[in-house]
Amino acid sequence: CEESGLIVALLNDKLRNVPPKLLPFVIGFVGTVGNLASDTAMVVIPPLAAILYIGIGKHPLVGMIAGYAGAQGGFSANLMVAGTDALLQGITNNVLDGFLGEGVYHVDVTCNWIFMFASTFMCSIVIGLVCNLLVDKRFGEYDRSKAMVDIKVEDVTPEEKKGLGRAGLAMLIYLAIVLVGYFVGPLAKITEDGKRVLVGSPLISNLIPILFFFFIIPGIVFGYTTKKFQSTKDINKAMTHQMQLMGSYVVFCFFCGQFNNLFNWTKLGTVFAISGADALSKAGFTGFGMIVSLILLTGFINLLVPSGSAKWAILAPVFIPMLILLGYHPGFIQLIYRLGDSPTNAFTPLSPYIWVTLGVAQAKYDKDAQIGTLAAGLFPIGIALQIAWIIMLGLWMLAGLPIGPGVGIEVPAELAALVIQ
C-alpha cells in the first residue's frame with residue numbers, strides 16, 4: 001500500500017474540507033489508525049498533517065505534532081488487529097511456553113483488540129482537545145515568511161481517484177469473501193451444538209495471512225491503475241524495498257530469541273516472578289495501585305528504550321509469570337505493558353522519528369525549530385494520554401468488560417489449575 005502510493009493518496013483525498021476545530025481530532029484518529037502501516041505512519045502522516053493545517057490557515061507545526069502524537073502516542077490502539085498485536089503476542093506466548101511448558105497455553109492475536117478498538121477513539125479525543133486548548137494557542141498565527149519552500153496543497157490526480165475507487169471495490173469484494181467464509185464456510189469454529197463462534201476460530205488463528213491479503217490486494221490494484229506497477233517485477237521490487245527496512249528488526253529478533261530462551265533455560269524469570277509476587281502479596285500491593293505503578297514504570301523505561309518489542313522482550317519474562325501468580329490473565333498483563341509503552345513514545349528524544357519530523361519542520365516550515373519546539377507540544381499530549389488511559393482502564397475493570405474476544409482481567413480457570421500444579 002505504501003509503495004504503490006495508496007496511503008498518501010487516501011490521506012490526501014479524504015482529509016480535505018474538514019472543519020478547523022475538528023481537524024486535530026481527525027488527524028489524531030488517522031495517526032492512531034496509521035500504525036496499521038507500522039512505522040510508516042510516523043514518517044508519512046506528520047508532513048501531510050502540516051499541509052492540511054496550512055490549508056485551513058493554521059500553524060503547520062501543530063498539524064505535525066497532532067499527526068506525530070497519534071502515530072506514536074497512540075501506537076498501541078487501532079480499529080483492527082495490527083502488526084504490533086502479532087509481535088507482542090509472539091513474545092507473550094514464548095514466555096508462556098517457558099513458564100508453563102511448550103504449547104500448554106497461548107493467547108490469541110486478538111487478546112487486546114476490544115480495549116484497543118475503544119482506545120482509538122479515546123486517543124483521538126485527547127489529542128484533539130489538547131491541540132485545540134493548548135498547542136494551537138501556544139504556536140499562534142503562522143508567519144509564512146518562515147517557510148523554506150513554496151507551500152501548496154496538491155490535488156489528487158484523476159488516475160489516483162480512479163485507483164482509490166478500484167482499490168476500495170477490491171477491498172470490499174475481499175471482505176465479502178472473508179465474511180462468507182465465516183458465516184457459511186470453514187473460517188468459523190463450530191461448537192458441539194452447531195453454533196459458529198469467533199473465539200478460537202480459523203479466522204482468528206489465521207488473521208495474519210488474512211490481513212496480508214487485505215492490504216496487498218488494494219495496494220496492487222491501486223498500483224496498476226496509477227501505472228506505478230507495470231508488472232509483477234515492480235510488485236516484487238516494492239516488497240523487497242519494504243523488507244530491506246526490516247533488516248534491523250530481523251537482527252533484533254535473533255537476540256530477542258536468545259534472551260528469552262536463556263531466561264527459560266535458567267528459570268530466572270520464574271524465580272523473579274515467584275519472589276516478586278510473594279513480596280507484593282506480603283506488602284498488600286496487588287490491586288489497581290500496583291497496575292498503575294507497572295504502567296508508569298514501563299513509561300519511564302520507554303523514555304530510555306523506545307523500541308516496544310525490545311522492552312517487552314525484557315519485561316515479559318518477569319511481568320507475565322509474576323502477575324499470573326497474582327491472578328491476572330496473560331492477555332491483560334500484555335495490555336498493562338502496552339498502556340505504559342505508548343504515551344511516552346510521543347516525546348521521548350531517543351526515538352529516531354521525532355528527529356525525522358524535526359528535520360522536515362526545519363526544511364519546510366521553520367528553520368529555527370528545535371527539538372524543544374516539538375516537545376513542548378508533544379509533552380502535554382503524552383501526559384494527557386497516559387492519565388486518560390489509566391482512568392479508562394480503571395473504569396473498564398470496574399465494569400468487568402472483556403479486553404479481547406474471550407479474554408478478561410482474571411486468569412482463566414484452566415490456566416489457574418496449571419499454575420497450581
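Ground rules first. I'm working with a predicted model, where local features need pLDDT of at least 70, side-chain atom pairs count only at pLDDT 80 or more, and totals for chains, interfaces and linings use all residues. Numbering starts from 1 along each chain as its sequence is written, and side-chain values use heavy atoms, with hydrogens and water left out.

Whole chain. I looked up the secondary structure and got 18 helices and 2 strands (DSSP runs: H or I of at least four residues for helices, E of at least two for strands, numbered from the N terminus). Of the 421 residues, 49% are buried, meaning under 20% relative accessible area with a 1.4 Å probe, protein chains only.

Helix pair. I checked H4 (residues 60-73) against H17 (residues 371-399): the angle is about 40° and the axes are 10 Å apart (lines fitted to C-alpha atoms over the stretch in contact, angles from 0 to 180 degrees between N-to-C directions). H4 and H17 are therefore oblique to each other, the class left after under 35 degrees (roughly parallel), over 145 (roughly antiparallel) and 65 to 115 (roughly perpendicular). From H4, Leu61, Ile65 and Tyr68 are among the residues that meet H17.

Glycine. I then picked Gly63, found in helix H4. Gly63 is buried because its relative accessibility is 0%. Leaving aside neighbours within four places in sequence, Gly63 contacts Ile27, Ala49, Ala50 and Tyr53 (heavy atoms within 4.5 Å).

Technical notes:
Buried < 20%, exposed > 50% of the residue type's maximum accessible area, 1.4 Å probe, protein only.
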